[in-house]
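Let's take a walk through this one together. Have a look at the sequence and the model first, and then we'll go through rings, cavities and the ligand.

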Amino acid sequence: MIGALLARLSQGYRTLKYPEETPPLSGRYRGLPLLDGTRCPAECAVCTGLCPVGAITRREDKTRLDLGTCLFCGQCAAACPEHSLTFSQEHRMAVRQRDDLVFDGAGPFPHATALEPGLRRFLGRSLRLREVSAGGCNACEADTNVLSTISYDLARFGIQFVASPRHADGLLVTGPVTRNMESALMKTYEAVPEPKVVIAVGACAISGGMFSGHDEVGRGVGELLPVDLFVPGCPPHPLTILDGLLRLIGRVR
Ligand code: SF4
């Protein structure tokens with residue numbers, strides 16, 4: 001017992017001070033892309049030809065990147081001869097509208113805003129979520145699970161994952177929604193009492209991911225359900241998910 005207490009004392013307080021302080025991220029982390037399409041020569045198509053998921057498009061001399069499809073593999077940035085595209089360490093990328101994830105680098109990034117005041121009042125100081133893994137690879141699930149560990153301690157913000165959809169205020173969905181998972185997702189959604197929120201986490205849940213459009217894979221949760229928060233990434237960093245959740249409940253603006 002004494003040994004356990006001493007160990008606890010020597011370890012100190014382990015929970016991150018987020019959102020007041022952001023911990024240093026790995027140098028290899030790829031966050032919000034910085035895109036300067038004005039540097040792209042008219043005929044250049046290096047990045048569009050390389051991107052495995054068609055996340056970059058060039059139309060009317062404008063380069064656009066869809067963060068809801070992007071896998072953050074970094075191939076485009078590495079190959080860009082004009083260095084028009086780089087990846088920053090900015091982890092805050094969650095948005096409320098799907099279209100906000102398609103950007104050309106001009107203007108400020110449209111960070112997620114809070115839920116409507118009436119719904120926030122209804123939820124009070126808590127948000128209970130049922131996680132649905134709708135055919136993903138488990139990477140997004142792993143980075144979501146991490147939020148309940150001592151480092152992130154999601155419960156200190158009043159946010160918790162619950163086992164039953166009947167006890168939940170909404171769904172957090174990962175994976176592209178494979179045909180096999182479609183009815184399970186819909187049944188779980190129907191079991192959540194109104195009013196409810198839906199959160200799509202990761203490129204698969206937002207747009208269908210690598211196999212989007214395949215007969216057995218949908219094009220993301222938005223095809224089936226109204227989505228209140230989109231958290232991009234493949235997988236998103238736990239801090240990206242946490243930041244999105246905190247913005248949704250109005251704890252971060
Ligand atoms: S980082 Fe995103 S946009 Fe760039 S090549 Fe990879 S998937 Fe495509």
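**Rings, cavities and a ligand**

F109 counts as buried, at 14% relative accessibility; buried here means under 20% relative accessible area, exposed over 50% and partly exposed in between, with a 1.4 Å probe and protein chains only. Keep in mind that this is a predicted model, where local features need pLDDT of at least 70 and side-chain atom pairs count only at pLDDT 80 or more, while totals for chains, interfaces and linings use all residues. Residues are numbered from 1 along each chain as its sequence is written, and side-chain values use heavy atoms, with hydrogens and water left out.

F103 is buried too, at 13% relative accessible area. What do F103 and F109 form? The count of aromatic pairs comes to two, where rings of Phe, Tyr and Trp (its six-membered ring) pair if their centres lie within 6.5 Å, and planes under 30 degrees apart are stacked, over 60 edge-to-face and the rest tilted. F103 and F109 make an edge-to-face pair, 6.2 Å centre to centre with 85° between the planes.

Searching the whole structure turns up two cavities of 30 Å³ or more. A cavity is a set of points, on a 1 Å grid over the protein atoms alone, where a 1.4 Å probe fits but cannot get out, and its lining residues have an atom within 4 Å of a point. Points are joined across faces, edges and corners, and the volume is the space filled by probe spheres set on them.

The largest cavity holds about 110 Å³. It has 15 lining residues, with C40, C44, C47, C80 and S84 closest to its centre.

The second largest cavity comes to about 80 Å³, and C51, P52, C70, C73 and C76 lie nearest its centre. What sits in there? It's the ligand, given that more than half of its atoms lie within 2 Å of the cavity's grid points. Residues around the ligand (a heavy atom within 4 Å of it) include V53, I56, L71 and F87.

Key. 1 Å grid on protein atoms, 1.4 Å probe; cavity = no way out; pocket = protein on both sides within 12 Å on 5 of 7 lines; lining within 4 Å.
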